[in-house]
Amino acid sequence: CTDTLKRYRAVRDHHVAFCARTGIETWEAFGKPQYEAYGNHRGKRAADRTLYTELTTLKGAINVLIDAGRLPASCRFRSKLAKPQGTDRYCFRPEEVRAMLAYCAATPGLEWL
């Protein structure tokens, strides 16, 4: 459970900040227009995969709250998100890895790397 909390802490922090900034005080007030506004706001700063994770997490939270009877069914909305394809991660080339290893081996205190 602790790992789950850590994983989604940033999503929660961004959502809480957005809601505070826009005057949203309850989950019931966070409907589809606010969800889309949040996506537009975060989309300016977040990578596609990060935004996808945040939006699916928020949508999932709303659905869990509805299913638990904490929100009325009228709060449910549909929203299609395209899952980002590919990756924006950088993969080091073999020569770059060799250079890093050589640097660490030659630098006192970095041998362990």
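Which residues in α1 meet which residues in α2? In this predicted model, local features need pLDDT of at least 70 and side-chain atom pairs count only at pLDDT 80 or more, while totals for chains, interfaces and linings use all residues. Residues are numbered from 1 along each chain as its sequence is written, and side-chain values use heavy atoms, leaving out hydrogens and water.

From α1, the residues V11, H14, H15, F18 and R21 meet Q34, A37, Y38, H41 and R42 of α2 (contact means heavy atoms within 4.5 Å). By class, this contact has four nonpolar, four polar and two charged residues (Ala, Val, Leu, Ile, Met, Phe, Trp, Tyr, Cys and Pro count as nonpolar, Asp, Glu, Lys and Arg as charged, and the others, Gly among them, as polar). Helix α1 covers residues 2–22 and helix α2 residues 32–43 (helices are DSSP runs of H or I with at least four residues, numbered from the N terminus). The two pack at an angle of about 110°, with their axes 11 Å apart (axes are lines fitted to C-alpha atoms over the stretch in contact, and angles run from 0 to 180 degrees between N-to-C directions). α1 and α2 are therefore roughly perpendicular to each other (65 to 115 degrees).

Attention now turns to the largest pocket. A pocket is an open set of points on a 1 Å grid where a 1.4 Å probe fits, with protein on both sides within 12 Å along at least five of seven lines, and lining residues have an atom within 4 Å of a point. The largest pocket is lined by 14 residues, with R12, H15, V16, W27 and L58 nearest its centre. α1 gives the most to this lining, with six residues.

Methods:
Parallel < 35°, antiparallel > 145°, perpendicular 65-115°, else oblique.
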